[in-house]
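I opened this model to see how its chain packs. My entries follow in the order I looked things up.

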Amino acid sequence: MEQVYQSFLEFIASYGYFAVALLMAMENACIPIPSELILGFAGYLIFAEQMTFTGAMIAGMVGGMVGSIFAYLVGSHGGRKFVDRYGKYFLIKKSHVDLAQHWFDKYGIRAVFFSRMLPVVRTFISLPAGFARVNFSAFLFYTFAGSLPWTALILYLGLLFGENWKKLLDIGHEFSIIVVIALVVIAVIYFIKRRKK
């Protein structure tokens, strides 16, 4: 995997924003490429003044949305049987789809938002949303709302860590969980204050 990851980094270094968009599209289309690798390295390139934060942000978001829409359409038109049968050819594990399905079954369309910041689930959550054929506009809204803070945060951390950006790969999963917990706490505080008013 180290050699594969290195080839991704070389691709980003050579093709810049286009590579970030394409790899994020692949990641959100359920091909397991860590977004910490793509966006973390893009953050480093911002640090090295080879990219701008705005450009990398737009590329990451556009790619992520395109990939998510593709996965949603595969889920809505192909269904679970199609994904279970042919997913293995695209490195999609049934256990990963099961995990995303569990989250979606438990939390519904809201899972599309929170799952964007969870390891493994974020890559596959568009599939169960497609299986359920949820309202497409709502799917786009929650996907965008969940992807925006995650994309900005990982780019910023890559920029902040600079030459040590690879630390994101080591702490990625744990950091995702911390982010989700923080978001839940913020949401709870917000609703409590709103209810008191």
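**Surface.** I looked up the surface first. The protein exposes about 10,800 Å². Carbon and sulfur atoms supply 66% of that area. Accessible areas here come from the Shrake-Rupley method with a 1.4 Å probe, and for residues only the protein chains shown count as cover.

**Ground rules.** This is a predicted model, in which local features need pLDDT of at least 70, side-chain atom pairs count only at pLDDT 80 or more, and totals for chains, interfaces and linings use all residues. Residues are numbered from 1 along each chain as its sequence is written, and side-chain values use heavy atoms, with hydrogens and water left out.

**Elements.** I read off nine helices and zero strands. From the N terminus the order is α-α-α-α-α-α-α-α-α. Helices are DSSP runs of H or I with at least four residues, strands are E runs of at least two, and numbering starts at the N terminus.

Of the 197 residues, 45% are buried. Buried means under 20% relative accessible area, exposed means over 50%, and partly exposed is in between (1.4 Å probe, protein chains only). I then checked contacts, meaning heavy atoms within 4.5 Å. Among contacts with a separation of 6 or more, 73% join residues 24 or more positions apart.

**Nonpolar cores.** Which residues touch the most other members of the largest nonpolar core? They are Ile12, Val20, Ile38, Met51 and Leu155, in a core of 29 residues. Such a core is a set of buried Ala, Val, Leu, Ile, Met, Phe, Trp, Tyr and Cys residues joined through side-chain atoms within 4.5 Å. The elements that give two or more residues to this core are α1, α2 (35-47), α3 and α8. Helix α1 gives the most, with eight residues. A second, separate core has 19 residues, including Ala100, Ala129, Phe131 and Phe139.

Beyond its neighbours within four places in sequence, valine 20 is in contact with Ile12, Ile38, Leu39, Ala42, Met51, Ala56, Ala59 and Gly60.

Rolling a probe the size of a water molecule over the atoms shows where empty space is left. The structure holds one cavity of 30 Å³ or more. The largest cavity has a volume of about 100 Å³. A cavity is a set of points, on a 1 Å grid over the protein atoms alone, where a 1.4 Å probe fits but cannot get out; lining residues have an atom within 4 Å of a point. Grid points are joined across faces, edges and corners, and the volume is the space filled by probe spheres set on the points.

I counted 13 lining residues for the largest cavity. Nearest its centre lie Met24, Asn28, Ser147, Trp150 and Thr151. The elements that give two or more residues to the lining are α1 (2-28), α3 (53-86) and α8 (136-161). Helix α3 gives the most, with four residues. The lining divides into four nonpolar, six polar and three charged residues. Ala, Val, Leu, Ile, Met, Phe, Trp, Tyr, Cys and Pro count as nonpolar, Asp, Glu, Lys and Arg as charged, and the others, Gly among them, as polar.

**Methionine 24.** This residue sits in helix α1. Is methionine 24 buried or exposed? Methionine 24 counts as buried because its relative accessibility is 4%. Leaving out residues up to four places away in sequence, methionine 24 touches Ser35, Ile38, Leu39, Gly60, Gly63 and Gly64. Its C-alpha atom is 9.9 Å from that of threonine 151, 127 residues apart along the chain.

**Glycine 67.** I found glycine 67 in helix α3. Glycine 67 is buried, at 2% relative accessibility. Glycine 67 and alanine 25 are 42 residues apart in sequence, yet 3.9 Å apart C-alpha to C-alpha. Not counting residues up to four places away, glycine 67 touches Ala25, Asn28 and Ala29.

**Leucine 168.** Leucine 168 belongs to helix α9 (residues 167-196). At 2% relative accessibility, leucine 168 is buried too. The C-alpha atoms of leucine 168 and glutamate 36 are 6.2 Å apart, across 132 residues of chain. Beyond residues up to four places away in sequence, leucine 168 touches Glu36, Gly40, Ile154, Leu157, Gly158 and Phe161.

**Positive phi.** I ended in the loops. Glutamate 49, a residue other than glycine, has a positive phi near 60°. Glutamate 49 lies in the loop between α2 and α3 and is exposed at 74% relative accessible area. Arginine 133 has a positive phi near 55°. Its place is the loop between α7 (126-132) and α8. Arginine 133 counts as exposed, at 60% relative accessibility.

Technical notes:
On a 1 Å grid over the protein atoms alone, a cavity is a set of points where a 1.4 Å probe fits but cannot get out, and a pocket is an open set with protein on both sides within 12 Å along at least five of seven lines; lining residues have an atom within 4 Å of a point.
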